[in-house]
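Thank you all for coming. I would like to walk you through one model this morning, going from its sheets and helices to the ligand.

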Amino acid sequence: MASVTTEIPDTKPELDALIIGAGFSGLYQLFCLRERLGLSVQVLEAGDGVGGTWYWNRYPGARCDSQSHAYCYSFSKELTQEWEWSERYPEQPEIMRYLNFVADRLDLKRNIRFNTRVVAANYDEAANRWIVRTEAGEQLTAKFLITAVGCLSTANVPKIPGLESFAGQWYHTGQWPHEGVDFTGKRVGMIGTGSTGIQAAPVIAQTAAHLDVFQRTANYSVPARNAPLTPEFKRYIKENATEFRAVMHATRNGMPFTISERLALETPPDERENLYEAAWQKGGLEFRATFEDLMVDKAANDTAADFIRRKIRAIVKDPVTAEKLSDIDHPYATKRPPIDTNYFETFNRDNVTLVDVKAAPIECITPGGVRTSGGDYPLDIIVFATGFDAMTGPMLRMNITGRDGITVAEAWEAGPRTYLGLQIAGFPNLFTMTGPGSPSVLCNMPVPIEQHAEWITDCIAHMRAHGLERVEATEAAVTNWVEQVNTAADATLLPLAKSSWYLGANVPGKPRVFMPYAGGMARYREICADVAANNYQGFVLSA
Ligand code: NA7
């Protein structure tokens, strides 16, 4: 175990709280602690602006899959009324404008240090302080440390032999150049067909000379049906903001729509088909809400999966390509379900080829392109849409050391272990936002983010009111919560997707543990409220 590092002298004033990350969660946590509790707070952010995940994910077609009127803060009537979204789903630049609007409107930037990457954080037990070190060698200390580092911020670039020899350019979608990439006249290869690849391919294909899409696992996707918002809808969402918030708080996924109470298997086939068709025409993640049993009953799920496969075959003209695109090995929505704008239609273009790398795997990258066991693909640009070391990656790379010198890597050796996704045993006064054990990525993210920030704020307020200095989850509470997270996942079909990043299966060597809490956001909110009402049951609070 690493020893606690305290030898570098303090150079900065004592802070009440340090927050790592200036995305959705860090910004709201800063606001809560500064404005509601009057704490001295500093946010440390690696990028040179706010935005978090959206600061880095600037790939072509980057757009949120939650509808814009739900993908925003809902705690402030003023923010809701003053901001106006332009499209049904917000595009990356618009989300950046929104977060900058919020940061400026709430005067948050004065407490954010940009271009500041955290490389280590150590808990000094004697002083009851977190000592945080930055890449530049600075050291800051605070009583509370809150990681607001996002779930999808550690890029997963597969270790394909020969990448260093590639004579062209390569990019990971999560580390996209701010100046953009010009694909005009280029032969482009895109590896990965998750939500990101499915958004990017249609846009890249518009300017590239040729696009090869390297598909390992075929994926379901439903049309997003993105469009500009009408003045009537803009007015409607403002007038009904309170009602939308209530729906988002009451539903499993924090979405602004409810899940039907109908069961797919108890609906006559003709009627079921009509309901799927209506949901397909409406578009978006709401397709998953067509029937209540889609995520818990494999036979019910098969009806949705079959519907989407038939749609793919109807859209894609070349029967061999259609077959490969619809040969999907997992139940619908057991991997994060993408939504798209013309993804399957893109394979009808003359300049787009689907390369099945399950049948003929990638062997290496050569100076000239990608070599599979089926042949060579000459390329000028490779785009890695290969996802992230999700949820645990951002925590593990910060070298966090808790009480008695234990590191997060050691505490999570067999998979992530948290209490409520909010704390790790052995790491007093460290709170984690939307990490493993939180409903997190199974939700429309601003909903769990607001809940976490408010819960953490209330906990710190409680401690101050009672003269308490330390809060730490017990090992027993963590063990119990890990069991509850497993039980919640096992009650659904989610674990059936064996290569899902929810399970950590996309990163070689990562423990296979279902990471987010699948019991639903509404239930989770109740559990957290009960814990607080029962004197923070499962936490040890001490003076
Ligand atoms: P995902 O969903 O993890 O998708 C990554 C894709 O990359 C997926 O199709 C993978 O295939 C593929 N992949 C990964 N490594 C390789 C290698 N070595 N060879 C071939 N193909 C590979 O990441 P996204 O960025 O699309 O989406 C992440 C989240 O962002 C998304 O879920 C939303 O929440 C927003 P596989 O399925 O593993 O066979």
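Helices (H or I, at least four residues) and strands (E, at least two) are DSSP runs, numbered from the N terminus. Please keep in mind that this is a predicted model, in which local features need pLDDT of at least 70 and side-chain atom pairs count only at pLDDT 80 or more, while totals for chains, interfaces and linings use all residues. Residues are numbered from 1 along each chain as its sequence is written, and side-chain values use heavy atoms, with hydrogens and water left out.

Let me begin with the parallel sheet. Five strands make up an open sheet with parallel pairing, in the order E7-E16-E8-E9-E12, where two strands pair if DSSP finds at least two bridges between them. Because strand E7 (169-172) and strand E12 (352-356) each have a single partner strand, they stand at the edges, and one side of each is left without a neighbour in the sheet. From one strand to the next, the twist averages 20°. Within this sheet, strand E8 (residues 187-191) and strand E9 (residues 210-215) run parallel and are joined by five bridges, and Met190 is found opposite Val213 in E9.

Now for the helices. Helix H5 (residues 195-207) lies across E8, E9, E12 and strand E16 (381-384), and runs at about 170° to E8, whereas helix H10 (residues 319-326) lies across E9 and E12, at about 55° to E12.

There is also an open sheet of three strands, E13-E14-E15 in order, whose pairing is antiparallel. Strand E13 (362-366) and strand E15 (375-378) are its edge strands, each pairing on one side only. Four bridges connect E13 with strand E14 (residues 369-372), and Cys364 is placed opposite Arg371 in E14.

Finally, the ligand. Which residues are the closest to the ligand? They are Thr193, Thr196, Arg216, Thr217 and Lys335, among 17 residues that surround the ligand, a residue being near if one of its heavy atoms lies within 4 Å. An oxygen atom of the ligand is 2.9 Å from an N or O atom in the side chain of Arg216, and an oxygen atom of the ligand is 3.0 Å from an N or O atom in the side chain of Trp501.

Terms used: Axes fitted to C-alpha atoms, helices over the stretch in contact; angles between N-to-C directions. Contact = heavy atoms within 4.5 Å. Polar contact = N/O pair within 3.5 Å; in protein donor to acceptor, adjacent residues only side chain to side chain.
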